[in-house]
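Please look over the sequence and the model below. Some questions and answers follow.

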Amino acid sequence: MTVPSDMTAIVIRAPGGPEALVPERRPVPQPDDGEVLVKVAAAGVNRPDVMQRQGLYPPPKGVTDIPGLEIAGDVVALGANVARWKPGDKVMALVVGGGYAEYCPAHESHCLPIPPSLSMNEAGAIPETFFTVWHNVFERGGLKSGETLLVHGGSSGIGTTAIQLAKQSGARVIVTAGSEQKCAACRELGADLAINYKTEDFVAAVKAATGGKGADVILDMVGGDYIERNYEAAAVEGRVVQIAFQGSPKATVDFRRIMLKRLHHTGSTLRSRSVADKGAIARAVEKNALPLVASGKVRPVIDSTFPLPEAAAAHARMESSRHIGKIVLTV
């Protein structure tokens, strides 16, 4: 396969609004040791991309300034010591940056095979979300069959994935969302209860739905005053898993709840993790979640797609918070 010397990529002209994203010609990157070069067909849009564009989430040292944390496409070149993949293989991959481009390198251990039942656009919506949900809900949160999971932001890409994977594991799922339309979409995906947080108190609703017991695992991307309210809504021996802060990363909390309920409050980020860490999560997703995707039991929910040069419009859509599921750039 002939790989050109340059490509179109989306760059951040200066920190700011969606209009800061502009197409630019860049050299095609070369795959390093252990990496494959992917001709990108689709790239998922995620909240960290928005934060990077706003100047709030700089890429790790030595990483490209091109945003984009997940891609799907065809392998077109191999770095040294790549064992698993060959040119022509169709893969979806978690990347540390560079996804908003026609070509992007990915570590071979962070790639997953694309099931034949999946379109490239659907595949581009999987890695960041499925890696995050699997690691945080099942590995860190230890969700088991018969337990209750509370997901804040149930209609987001993370939320729609968590609902489906948790239901497949035999758990009961409660979500919060910001409109009746979003609540209905969550119920359609399998949520047992969807709480409109604008009109209902989620703590009271969770307690009522669980006979006063509370949620065993809480997946939170809001922070702020939700932190103390999560402790109220959690069951004894509950696990609260923090994955983002759409509100404040600071809160005033009565920590006696942790002692009285024997709670665990943990959290994680993906981007800064080691290559080996992310590789281990990739293998767990491939073993546990990918068969559910291949069989059609779990599907990424696609809100909308935008051509790569219209990345600014994709970010505007995400910031409107009207989306349900994932926003994807098509190349």
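Predicted model: local features only at pLDDT ≥ 70, side-chain atom pairs only at ≥ 80, totals over all residues.

Residues are numbered from 1 along each chain as its sequence is written, and side-chain values use heavy atoms, with hydrogens and water left out.

Q: How many of the 14 residues of helix 3 are buried?
A: Helices (H or I, at least four residues) and strands (E, at least two) are DSSP runs, numbered from the N terminus. Buried means under 20% relative accessible area, exposed over 50% and partly exposed in between (1.4 Å probe, protein chains only). The buried residues of helix 3 include Phe 130, Trp 134 and Phe 138. Helix 3 (residues 127–140) is largely enclosed by the rest of the structure, because the buried count is 12.

Q: Are helix 3 and helix 9 roughly parallel or roughly perpendicular?
A: The axes, lines fitted to C-alpha atoms over the stretch in contact, are 9 Å apart and meet at about 85°, with angles running from 0 to 180 degrees between N-to-C directions. Angles under 35 degrees count as roughly parallel, over 145 as roughly antiparallel, 65 to 115 as roughly perpendicular and the rest as oblique. Helix 3 and helix 9 are therefore roughly perpendicular.

Q: Where on helix 11 do its buried residues lie?
A: Helix 11 (residues 311–320) has Ala 311, Ala 314, His 315 and Met 318 buried. Seen down the axis, the buried residues fall within an arc of 95° (taken from the directions from the helix axis to the C-beta atoms), so they line one face of the helix.

Q: Which side chain makes a polar contact with the side chain of Thr 8?
A: Thr 8 is in strand 1 and counts as buried at 18% relative accessibility. A polar contact is a pair of N or O atoms within 3.5 Å; within protein, one must be able to donate a hydrogen and the other to accept it, and residues adjacent in sequence count only if both atoms are side-chain atoms. At 2.7 Å, the partner is the side chain of Arg 25.

Q: What is the relative accessible area of Asn 81?
A: Asn 81 lies in the loop between strand 4 (70–78) and strand 5 (90–94). Phi of Asn 81 is positive, near 65°, in a residue other than glycine. Asn 81 is exposed, and its relative accessible area is 64%.
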